[in-house]
Amino acid sequence: MSEQEFLEKHSELVYNLAYRLTGNQSDAEDLAQDALIRCLKALKNFRGDSALSTWAYRITVNAWKNRVRAEKSRGFWKTVSFGMLGGEREDDEPEWEPKGNDKPLDEDLEKQGEAGVVQKALLQLDADDRAIVVLREIEEKSYGEIAQALELPEGTVKSRLFRARAKLKTILEKAKK
Amino acid sequence: MNEEMRERLSAYLDGALGESERLAVEAQLARSEDLRLELEALKAVSRSVKGLPRQKLPDGFMARLESRRYREANKKEYWILPPAMRPLAFALSTAVVALVVWDHTRPPELAPTAGWDGQSAKVVSTADRPVADADFAARITQGASLEASPAAKAEKPVLDAKFAKTLGRRVDAPGKPLEFVETDRVAANSLDGAVAGGGAAAPAAPKPEPAREAAPLKKQATEEPVFTAASDKGSYHASSEEERSAINEKLYEGFEAEKKKMGIARIIEKSDESKDARDRSLADMMELRVPAAAPAVGDTGTASLAQVSAVRGAVQPRQKASRAMGALSGAGAKNADSPASAAPAAVRVVTARSADALSAAWIGAGLAGDPPKVDFSTQMAVFLAGPAGCGVTETYVGKKTVTVFYRLEGFTAPSARVAAVPASDKRVLLKPAP
């Protein structure tokens with residue numbers, strides 16, 4: 001498959017996954033471009049042991065998890081907002097504020113309606129659980145394909161999907177009250 | 001309804017059960033209203049997520065992707081150091097610049113003749129005291145190696161073995177002890193006519209003498225050794241061992257003074273097999289700066305090598321921890337960075353960029369056990385030096401500064417004094433927790 005063909009077939013799939021994983025457009029675009037460039041670089045080495053889309057999903061999820069890990073290690077040591085302490089505010093701002101230019105998702109929730117509530121609920125799942133739910137419910141991948149994409153045993157996918165759904169159920173029920 | 005049944009229900013929803021399991025679940029569903037309600041709830045969640053709208057690619061996405069691919073494919077190849085190496089490279093380049101600047105700007109009193117008063121030994125120009133081996137003489141005046149020519153070696157006793165042992169290794173650095181060589185035995189009275197060098201300065205490197213037939217020296221029954229040493233700054237002659245010792249002592253004092261001014265606590269020789277020399281990286285050494293004042297805990301930021309060494313000495317063995325604590329905390333501290341919220345005199349913060357530096361601060365504070373592990377490849381440790389019970393409450397990493405909040409009491413674990421923050425060159429501030 002040529003690079004152009006790959007991009008035509010998989011760009012939107014990768015972008016959709018990136019959007020559901022990150023929750024906002026600018027981060028999704030950044031992640032999707034990062035993932036697609038990695039896919040194009042590795043395309044000639046693709047061995048065909050999974051569907052090309054599954055392979056692309058794996059690269060996308062790995063790229064996203066690397067970002068999550070980097071963010072976590074920066075914020076590992078407990079920090080406080082300087083303004084909360086009531087002292088003289090310095091010129092400094094936390095380094096890890098989101099870079100996205102679009103408004104925070106919360107501000108659009110009213111306009112987005114139920115979709116916004118569900119997206120917000122998704123963002124409360126941890127990295128692997130979020131990826132499993134999106135790949136199952138939105139991309140309609142089988143347990144086996146999800147296991148390949150995330151490099152997890154199939155049994156783990158099954159139990160984690162169940163727990164993620166249970167958690168989403170709790171969050172959505174609370175949101176409706 | 002147990003957890004296992006619920007999990008099977010989720011898989012049933014996805015059509016992921018084997019035939020026998022599917023039939024078993026269906027039988028259960030037929031019997032149980034709760035199970036059916038649970039299944040409906042799962043379906044509702046699934047529908048909610050499936051109902052999220054499909055996103056189209058944003059306008060211009062493919063163009064931006066191509067642009068980014070082009071930029072990444074065409075960016076210039078620079079040799080980029082891994083992050084862990086950058087502090088070392090910065091420290092080395094700073095050290096080179098500092099050495100060059102120092103070399104060009106050092107005041108005259110740091111010249112190698114510091115301490116040389118010319119009174120304890122006679123400085124004799126080789127032009128005034130001919131040496132039998134003209135070749136050897138020429139080499140001395142040019143500040144060459146002390147190795148005598150083969151002819152000179154064959155004819156003259158060059159070095160007394162016992163004498164050589166006391167000299168140590170010769171180094172060609174100003175102020176280092178010089179290796180004196182017994183070049184000739186001449187009559188004591190022949191030296192009286194020699195020119196005694198006055199003043200503090202050794203003669204400037206004498207001009208090379210043309211080789212000439214040197215008159216043989218008169219040797220008398222009473223002979224005294226003449227010791228000659230050469231360095232790149234000129235020649236030194238001593239007419240006795242006492243004079244030789246006095247010369248070396250003066251030069252050594254000058255060398256120590258130079259070291260103090262440069263802020264060097266110890267020069268590590270290549271043969272030094274101590275763990276300190278082997279393991280401490282140059283980055284660690286160069287980063288540890290000595291404050292201009294006499295040893296004190298000094299500025300917020302980095303511990304000086306002298307301070308750490310002094311504190312180490314104070315806590316060997318560990319029973320001297322209280323003395324070490326005094327050394328660390330009693331030196332009077334003002335928070336130079338933030339006078340308005342100055343830390344009390346008992347508390348300082350020290351930055352450690354390596355396990356050795358953190359250990360040194362830990363031991364220096366007289367703390368038991370080992371300090372907590374820090375990943376120094378990406379982080380640096382801030383260590384709170386202060387009274388027992390103090391600890392770090394939080395850290396805040398800003399764009400330009402790292403703020404460490406602390407309390408003076410209430411902590412029982414010594415590890416509370418250590419916090420890890422992302423490695424950077426940012427200024428470290430110390431503030432009491434609100």
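Guide: Helices (H or I, at least four residues) and strands (E, at least two) are DSSP runs, numbered from the N terminus. With that numbering, F46(A) has its place in the loop between α2 (25-42) and α3 (52-74) of chain A. This is a predicted model, in which local features need pLDDT of at least 70 and side-chain atom pairs count only at pLDDT 80 or more, while totals for chains, interfaces and linings use all residues. Residues are numbered from 1 along each chain as its sequence is written, chains are lettered from A and ligands numbered from 1 in the order in which they are written, and side-chain values use heavy atoms, with hydrogens and water left out.

Buried means under 20% relative accessible area, exposed over 50%, and partly exposed in between, with a 1.4 Å probe and protein chains only. By that scale F46(A) is partly exposed, its relative accessible area being 24%. Contact means heavy atoms within 4.5 Å; if residues up to four places away in sequence are not counted, F46(A) touches A51(A), L52(A) and W55(A).

Chain B has 434 residues, of which 38% are buried, and its fold contains 15 helices and 10 strands. Of the contacts in chain B with a separation of 6 or more, 67% join residues 24 or more positions apart. Chain B exposes about 23,900 Å², with carbon and sulfur atoms supplying 57% of that area; such accessible areas come from the Shrake-Rupley method with a 1.4 Å probe, and for residues only the protein chains shown count as cover.

Where the chains meet, chain B contributes 49 residues and chain A contributes 52 residues. About 4,900 Å² is buried between chain B and chain A, and carbon and sulfur atoms give 57% of it. Buried area here is the accessible area (1.4 Å probe) that two parts lose on being put together, summed over both. R54(B), Q55(B) and Y396(B) supply 14% of the area that chain B buries against chain A, more than any other three residues.

Two kinds of pairing cross this interface. A salt bridge is a side-chain nitrogen of Lys or Arg within 4 Å of a carboxyl oxygen of Asp or Glu, and eight are found across the interface of chain B and chain A. A polar contact is a pair of N or O atoms within 3.5 Å; within protein, one must be able to donate a hydrogen and the other to accept it, and residues adjacent in sequence count only if both atoms are side-chain atoms. Across the interface of chain B and chain A, 12 residue pairs are in polar contact, both residues at pLDDT 80 or more. On the side of chain B that touches chain A, the elements giving two or more residues are α1 (3-13), α3 (33-50), α4, β7 (391-397), β8 (401-407), β9 (418-422) and β10 (427-432) of chain B. That side has 23 nonpolar, eight polar and 18 charged residues, where Ala, Val, Leu, Ile, Met, Phe, Trp, Tyr, Cys and Pro count as nonpolar, Asp, Glu, Lys and Arg as charged, and the others, Gly among them, as polar.

R165(A) shows such pairings in detail. R165(A) is found in helix α8 of chain A and is buried, with a relative accessible area of 1%. Towards chain B, the side chain of R165(A) forms a salt bridge with that of D14(B) (2.7 Å, N to O) and a polar contact with the side chain of S10(B) at 2.8 Å. Within chain A, R165(A) also meets E137(A) in a salt bridge (2.9 Å, N to O). R165(A) lies in helix α8 (residues 154-176) and E137(A) in helix α6 (residues 127-138) of chain A, so this pair ties together parts that are 28 residues apart in sequence. Leaving aside neighbours within four places in sequence, the contacts of R165(A) include Y143(A), L13(B), L42(B) and V45(B).

Another crossing pair is R69(B) with E3(A), a salt bridge whose closest N and O atoms are 2.6 Å apart. The pair runs from helix α4 (residues 61-74) of chain B to helix α1 (residues 3-22) of chain A. R69(B) is partly exposed at 22% relative accessible area, and E3(A) is partly exposed at 37%.
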